[in-house]
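Welcome, and please open the viewer with the cartoon and side chains at hand. We will go from one element to the next, selecting as we go.

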Amino acid sequence: MAEIIEIKELSAPELEPFAKLTEVQLRRRTEPEKGLFIAESTKVIEYALNFGCEPLAFLMERRHIAGQASKIIAACKGVPVYTADSEVLAGLTGFELTRGVLCAMRRPKLPTVQEVCRNARRIAVLEGLADPTNVGAVFRSAAALGIDAVCLTDTCCDPLYRRAVRVSMGTVFQIPWTRIDSVLQLKAMGFKTAAMALSDNSVSIEDPKLCSEERLAIIIGNEGRGLSAETVSSSDYTVKIPMSHGVDSLNAASAAAVAFWQLRIR
């Protein structure tokens, strides 16, 4: 049976993951494999549990204990449930719990690039994306549009930031992903690389050669500066999405969705 704990003191140390620690502090608290993240909403928490993440504590409005969170609580025996009225919780977290349920979870151990990409034919590589909203949106598009795995550079925003998880609708726990040191690792595994970049030497995303590639890595760059010159020069293709009305480019997440759809396995 779960331990239900009524919140009386907002400064209690056991509530730090929900109230006092920033996303970076959560991630680095006991890096690398013992860092924490916050999952929000019962649906996302279920995805995270199925992904193998370990729950450490719940924070929720009292009404959800016997309501929408009852099955999750029953499945997580021994995990403490901190609760109070919504007004108290808003004072603790600094915002309204619009989805009513939070769970502090231990970060999963990431697989190797080889493990993630072994059987993949289409993968996304995110280089230096800084906005959690974009990262979450890219994951959602990747899961929906046939991408088999996602690889992120060290300069890319954490997919387990709360907003990234929320925007992804939990797909960060449905599609395999890991960190990558260099796209050269992918070339060694037989992938052709397609850098999404504005360049006079680019090919159209409609080029039939792209879709015919057996294994293709689609590389998306930073929202402002795009991809590094090194990444572009080392890629097998530099790819451009044709634009109209004088628009030069799309938002990173929008460009990713277009690329994933156009270059999917048919």
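Begin by selecting strand 2, residues 36-40, where five of five residues are buried (buried means under 20% relative accessible area with a 1.4 Å probe, protein chains only; strands are DSSP runs of E of at least two residues, and helices runs of H or I of at least four, numbered from the N terminus). This is a predicted model, in which local features need pLDDT of at least 70 and side-chain atom pairs pLDDT 80 or more, while totals for chains, interfaces and linings use all residues. Residues are numbered from 1 along each chain as its sequence is written, and side-chain values use heavy atoms, without hydrogens or water.

In a regular strand, side chains alternate between the two faces of the sheet. Colour Leu36, Ile38 and Glu40 on one side of strand 2, then Phe37 and Ala39 on the other: both faces are covered.

Now move to helix 7, residues 132-144. At its start, a side-chain oxygen of Asp131 comes to within 2.8 Å of the backbone nitrogen of Thr133. Buried residues of helix 7 include Val135, Val138 and Phe139. After the helix, select Gly146, with a positive phi near 85°.

Methods
Buried < 20%, exposed > 50% of the residue type's maximum accessible area, 1.4 Å probe, protein only. Polar contact = N/O pair within 3.5 Å; in protein donor to acceptor, adjacent residues only side chain to side chain.
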